[in-house]
Amino acid sequence: MKKFLDLGNQPLANSYLKKKELNKKEKKFRLEVGFNPENYLVSILNTVTKEKMFNKNYPYKSSESTTMRSEFKKLAKKLKKKFKPKLSLEIGSNDGAFIKNFNQKEIIGVEPCKNLAIITKKKGYKTYAEYWNVKLAKKIISNQKIDLVYSANTLSHIKNISEIFRAINLSLNDKGVLVLEDPSLLECMKNLAYDQFYCEHIYVFSTLSLKKILDPIGLEIFDIEQLKTHGGSNRYYIKKKKNFNFKISSRVKFNINKEKKFGLHKIGAYKNFATKVKKSKIKLEKIFSNLIKKNKKIIGYGATAKSCTVLNYCNIDYKKIKFFYDTTSFKIGNYLPGSKIEIKEYKKLDNNDVDYVFLGAWNFKEEIFKKEKSFIRKGGKFFTHVPFPHVI
Ligand code: TYD
């Protein structure tokens, strides 16, 4: 593993602080990122145990986002039509935003965060409140194998990635399909979105790295769709190699070529990325110091897990950003880890209170700009670090 990026000491991204915890010492870990030249995997080097991140207090609920709810609904319809699965399984079923689009008998959830698993259990969905691995796969398929495995923004959070895919291979019918969705490394690098790296994102996948990992297990990618979610994601369609029912789409080769052109199989591209990230930090710090010198009122918008990395790496705290607006109920009234910036319930931006807005949720830029048209028209400004620090 070759280390190429050091993002400093970071708290756990989803460990929002309560007011009474503000003076408590936070647990920190060193956020370093490396590249494995053998299987092209990019991963963080010092991982936090799964029990510390994914437990009964996990705060993120997919159903709180209207965008996610409607995307899952559309996707479930599409997958049912395309693959006609009799039995499906979701790894990382969260609070059921995807599985609720299926009949209770047609889908199984796997969700180790017990506070979330209980929600789908109560709605009558068979849900295993356990971490996904070979042992669990064997238990689940003792009756029937799976036709469709779906997993979004979950597998990249699991350290033992090879076992994860072995367990999926084991649970799939020979004609079964795995649909996997995760942020794209190519988009992350192109956008200089180094905030894709935080404790939960152990890996950021490329097509190249997935191909290397899937191959010895007997799995292969047969199609890829590019998505806008999370600042650019890929949806990979994966089958057993011995299944010739689906032909391999030209999009697979197309993506691999694009990634190779960018150099995702060589350390040079990553060193280059790291140099640009260091410059990006200096530039963002400069934007903040200029605005503060001019006495501008700065707030944040969208207290994302991603912004935790940026804020802590670039030394931005409650002295620089007055507060963050966010629509998510569990975040409101709490404080961002490390930077200790308060999160307030979202209100439409008012030019009398705010001059500049740091866009934590840059991946929802279009949606947010539409909402804040009047603020922008009256001279209010947004700024972000993606794809380089600038006032928009
Ligand atoms: P998300 O994209 O899930 O990022 P991460 O995985 O890095 O946490 O989070 C988006 C956040 O932005 C979420 O907390 C909700 C917030 N948000 C708003 O407050 N207002 C909005 O209009 C939008 C689109 C998002």
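Strand β8 (residues 172–183) and strand β11 (residues 233–240) run antiparallel to each other and are joined over 7 bridges; two strands pair if DSSP finds at least two bridges between them. Within this pairing, V179 has Y237 of β11 as its bridge partner. Helices (H or I, at least four residues) and strands (E, at least two) are DSSP runs, numbered from the N terminus.

A word on the source: this is a predicted model, where local features need pLDDT of at least 70 and side-chain atom pairs count only at pLDDT 80 or more, while totals for chains, interfaces and linings use all residues. Residues are numbered from 1 along each chain as its sequence is written, and side-chain values use heavy atoms, leaving out hydrogens and water.

**The sheet**

Both strands belong to an open sheet of 7 strands with mixed pairing, in the order β6-β5-β4-β7-β8-β11-β10. Its edge strands, β6 (126–128) and β10 (219–227), each pair on one side only. Helix α5 (residues 161–171) lies across β4, β7, β8, β10 and β11, at about 145° to β8. Such angles run from 0 to 180 degrees between N-to-C directions, with axes fitted to C-alpha atoms, for helices over the stretch in contact.

**Helix α8**

Which residues of α8 are buried? They are V252, N255, I256 and E259. Buried means under 20% relative accessible area and exposed over 50%, with partly exposed in between (1.4 Å probe, protein chains only). Seen down the axis of α8, the buried residues fall within an arc of 100°, so they line one face of the helix; the arc is taken from the directions from the helix axis to the C-beta atoms. The face turned away from them carries the exposed residues S250, K253 and K261. Among the cover over the buried residues are α6 (185–190), α7 (207–214), β10 and β11, contact being heavy atoms within 4.5 Å.

T207 sits in helix α7 and counts as buried because its relative accessibility is 0%. Beyond its neighbours within four places in sequence, T207 touches residues including N255, I256 and E259. The table lists two polar links; a polar contact is a pair of N or O atoms within 3.5 Å, where within protein one must be able to donate a hydrogen and the other to accept it, and residues adjacent in sequence count only if both atoms are side-chain atoms.

| Link | Distance |
|---|---|
| T207 side chain to E259 side chain | 2.8 Å |
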